[in-house]
Amino acid sequence: MVFYFKSRCGEYTLYMGKDKYENEDLIKYGHPEDVWFHVDDLSSAHVYLRQKPGQKLDDISEQLLLDCATLVKANSIAGCKLKSVYIVYTRWKNLKKTSDMVAGQVSYHRPQNVRRMQVEKDNSIVNTLNKTKEELYPDLWQQQQDRQKEIIAEKKEARRQEEKRRKQMEKEARKLKEERSYDRVMLEEKMTNTAKVEGTVDSTAAEAYEDDFF
């Protein structure tokens, strides 16, 4: 079972597992857009934020960060009793799981990409988020497969569009080259005709001069 919440702005989904065993599935079947949140140095739920495709960690608003951090704190047995705690968060793809780790335990591929923030207890935020809470039983594996297919299709379409733009640019370049070549030919032809006319004028004048002389 997975618990789903709507952010206060209404644009994002937050979700977390019921227990450490379900957290294992969430660790395994995340999406590239997911951001993982956890109370630092304390046991807590694993809360995920699903960003929109293409967004970065810096795109998370202060309000949205507060939603995620507050929800994590509220779902920590030890953390919920404290006035404030530190929260760590990073991309789902930065989570590292090895066979010697217990259920729910993770480390990081790149620790330097983990961010840390402090959050204080705020029951009003927790209550607002809990009003949107849904308990669902999703097929996490299938959802991940579907998302991977979407990403492959998106990349394929991006490559197709890039190839289309490249061919269009090549076509316009050839057309411009042909136009410039045509203009050059026309200019050379005009200069040749002008030279012929000038030569004819000079010859006629010379003949007229000779006739007058004799």
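Biologist: Where does the charged end of K52 sit in this model?

Modeller: The model is a predicted one, and in it the charged end of K52 sits over the ring of Y12, at 4.7 Å from the ring centre.

Biologist: How many aromatic pairs does the structure hold, and how should I read one of them?

Modeller: In general, a pair of aromatic rings is described by how far apart the centres are and by the angle of the planes. Four aromatic pairs are found here. In one of them, the centres of the W36 and Y108 rings are 6.0 Å apart and the planes stand at 65°, which is over 60, so this pair is edge-to-face. W36 belongs to strand β3 (residues 34–39) and Y108 to strand β7 (residues 107–108), so the pair ties together parts that are 72 residues apart in sequence. Besides this, Y4, Y15 and Y48 form one aromatic cluster.

Biologist: Is W36 buried or exposed?

Modeller: W36 is buried, at a relative accessible area of 2%, whereas Y108, at 25%, counts as partly exposed.

Biologist: Which residues are closest to the centre of the largest pocket?

Modeller: The general idea is that rolling a probe the size of a water molecule over the atoms shows where empty space is left. The largest pocket has a volume of about 230 Å³, and of the 19 residues lining this pocket, K20, N23, S43, S44 and A45 are the closest to its centre. By class, its lining has six nonpolar, ten polar and three charged residues.

Note on methods:
Residues numbered from 1 in each chain as written. Predicted model: local features only at pLDDT ≥ 70, side-chain atom pairs only at ≥ 80, totals over all residues. Heavy atoms only, no water. Phe/Tyr/Trp six-rings, centres within 6.5 Å; stacked < 30°, edge-to-face > 60°. Helix = DSSP H or I, 4+ residues; strand = E, 2+ residues; numbered from the N terminus. Buried < 20%, exposed > 50% of the residue type's maximum accessible area, 1.4 Å probe, protein only. Lys NZ or Arg CZ within 6 Å of the ring centre and 35° of its normal. 1 Å grid on protein atoms, 1.4 Å probe; cavity = no way out; pocket = protein on both sides within 12 Å on 5 of 7 lines; lining within 4 Å. Points joined across faces, edges and corners; volume = space filled by probe spheres on them. Nonpolar A, V, L, I, M, F, W, Y, C, P; charged D, E, K, R; others polar.
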